[in-house]
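Here is a friendly briefing to read alongside the model. Have the structure open and follow the topics in turn.

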Amino acid sequence: MALTISSSFDAGNIRVIRQDGDSADLEIVTDHLSDFYQWFYFRVAGGAGRALTLRITNCAASAYPHGWPDYKAVMSLDREDWIRLSDTSYSGGVLTMKLTPPQDLVWIAYFAPYSMERHHDLVTQTTALPGVAYRSLGKSLDGQDIDCLTIGEGGINVWLYARQHPGESMAEWWMEGALEKLTDEDDPVTRVLRRDCTFHVVPNMNPDGSRRGHLRTNAAGVNLNREWHAPSAEKSPEVLSVRNAMDEVPPDFAMDVHGDEAIPANFLAGFEGIPSLSDGQLRLFNLFSETLEKVSPDFQRSQGYEIPPPGHANMSMSTTQLAERYGCVSMTLEMPFKDNFDLPDEVYGWSPQRSKHLAYACLDALHALLPDLKAAQAERARAKREKVSA
């Protein structure tokens, strides 16, 4: 049987350049109308028992070339369990994967995919549970719904949103974990969170890029996380619809969930450089970070992005825009494509299950922060009343 490599399916991405027996040279396809690329997802048929060598040859010019050293691709026999390909190496701009498939059909990806079909299953199954409400916030450029699930009845508004960058599929695995915990009525933390908070959960902000197999952009080649200062119906309706909904129900706490190609750790990025930064906002952000580090051995605070100086935040990004616009505590959670090198797993690396467990820990940390969030909410309300009366 001839070796067949294909990616014409939900979230697929690869181009075959050359095949010679048990070897193939491949290229990752750029996002539509964009130069970004790094995400790949394809299937290999006809390789059972054969020693295959698959080379992705255009890695040097990818969006994050520093993400390739020490990286291991993932493979699945059933599209449920994804293990690391231990014989993955990077040299001279080429990612080489060597494997001997145990069966005739295997799937290979940059990270365990989260397809739009699985997304629809997640939304449908969660919406059917008690105390969960559904609404579509708007439509993407390809006409897909921006799904939002509302859970809880408390006065603290929590916004959780993910996959502005569609290739960062660990973000929606995190969302699956968050929704599992928020609908577990036997969990005492969940019961308190749902009593005191109202959660607005957008599991996938970029359905078009997800289905198209993009790394970082939507159907128009636009990076949604550079649109929050001025979203438009023409270029970024996904951001426009979510931000409009936030204007109606302003967040007290917001988390934007992502993945990072290069840094082998889980970390948070904040809003320290915004013009109106307050001591109260910064204290809440630091308290959440410290609490999460205590709760989860998979989280740390020593590695992360460079903190901008005062007044130099990039206000086109959601975390900074929300902190400035609403005076809330907001943050970006980053998870690795590689592994958490502080707590490595040779078989799975960073994985869907570990992403879900980190979601559980984030909600535990949020529970610990509730008294402080309530106090901050009351203080903002008081300051608003004083401003109006003045």
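Let's start with Phe 40, which counts as buried because its relative accessibility is 0%; buried means under 20% relative accessible area, exposed over 50%, and partly exposed in between, with a 1.4 Å probe and protein chains only. This is a predicted model, in which local features need pLDDT of at least 70 and side-chain atom pairs count only at pLDDT 80 or more, while totals for chains, interfaces and linings use all residues. Residues are numbered from 1 along each chain as its sequence is written, and side-chain values use heavy atoms, with hydrogens and water left out.

**Around Phe 40 and the nonpolar cores**

- Leaving aside neighbours within four places in sequence, Phe 40 is in contact (heavy atoms within 4.5 Å) with residues including Asn 13, Ile 28, Trp 68, Leu 95, Ile 108 and Tyr 110.
- A nonpolar core is a set of buried Ala, Val, Leu, Ile, Met, Phe, Trp, Tyr and Cys residues joined through side-chain atoms within 4.5 Å.
- The largest such core has 88 residues, and those touching the most other members are Phe 40, Ile 108, Trp 174, Phe 199, Met 255 and Phe 288.
- Helix α8 (residues 352-389) provides the largest share of this core, eleven residues; helices (H or I, at least four residues) and strands (E, at least two) are DSSP runs, numbered from the N terminus.
- Another core lies apart from it, with 17 residues, among them Leu 224, Met 246, Ala 254 and Cys 328.
- In soluble globular proteins, nonpolar side chains tend to be buried together.

**Aromatic pairs**

- The whole structure holds 19 aromatic pairs; rings of Phe, Tyr and Trp (its six-membered ring) pair if their centres lie within 6.5 Å, and planes under 30 degrees apart count as stacked, over 60 as edge-to-face and the rest as tilted.
- Phe 9 and Tyr 41 make an edge-to-face pair, because their ring centres are 4.9 Å apart and their planes stand at 75 degrees.
- Phe 9 lies in the loop between β1 (4-6) and β2 (15-20) and Tyr 41 in strand β4 (residues 41-45), so this pair ties together parts 32 residues apart in sequence.
- Tyr 41 is buried, at a relative accessible area of 4%.
- The rings of Phe 40 and Tyr 110 are tilted, because their centres are 5.7 Å apart and their planes at 40 degrees.
- That pair links distant parts of the chain, 70 residues apart: Phe 40 is in the loop between β3 (23-27) and β4, and Tyr 110 in the loop between β10 (105-109) and α1.
- Tyr 110 is buried too, at 0% relative accessibility.
- One aromatic cluster is formed by Phe 40, Phe 42, Trp 68, Tyr 71, Tyr 90, Tyr 110, Phe 111 and Phe 337.

**Arginines over rings, and positive phi**

- Arg 79 has its charged end over the ring of Trp 107, 4.4 Å from the centre; a charge sits over a ring if NZ of Lys or CZ of Arg is within 6 Å of the ring centre and within 35 degrees of the ring normal.
- Arg 79 lies in the loop between β6 and β7 (82-84) and, although not a glycine, has a positive phi of about 65 degrees.
- With 44% relative accessibility, Arg 79 counts as partly exposed.
- Likewise, the charged end of Arg 216 sits over the ring of Phe 36, 5.6 Å from its centre.
- Asp 70, in the loop between β5 (52-56) and β6 (74-76), is not a glycine either, yet has a positive phi of about 70 degrees.
- Asp 70 counts as exposed, at 57% relative accessibility.

**The seven-stranded sheet**

- An open sheet of seven strands runs in the order β11-β12-β14-β13-β15-β17-β16, with mixed pairing; two strands pair if DSSP finds at least two bridges between them.
- Strands β13 (residues 156-162) and β15 (residues 253-260) run parallel and are joined by five bridges.
- Tyr 161 stands opposite Asp 256 in β15.

- Five bridges pair β2 with β3 in the antiparallel sense, and Val 16 has Leu 26 in β3 as its bridge partner.
- These two strands form a hairpin with two residues between them, and Gly 21 in the turn has a positive phi of about 65 degrees.
- β3 also runs parallel to β5, joined by four bridges; the bridge partner of Asp 25 is Arg 55 in β5.
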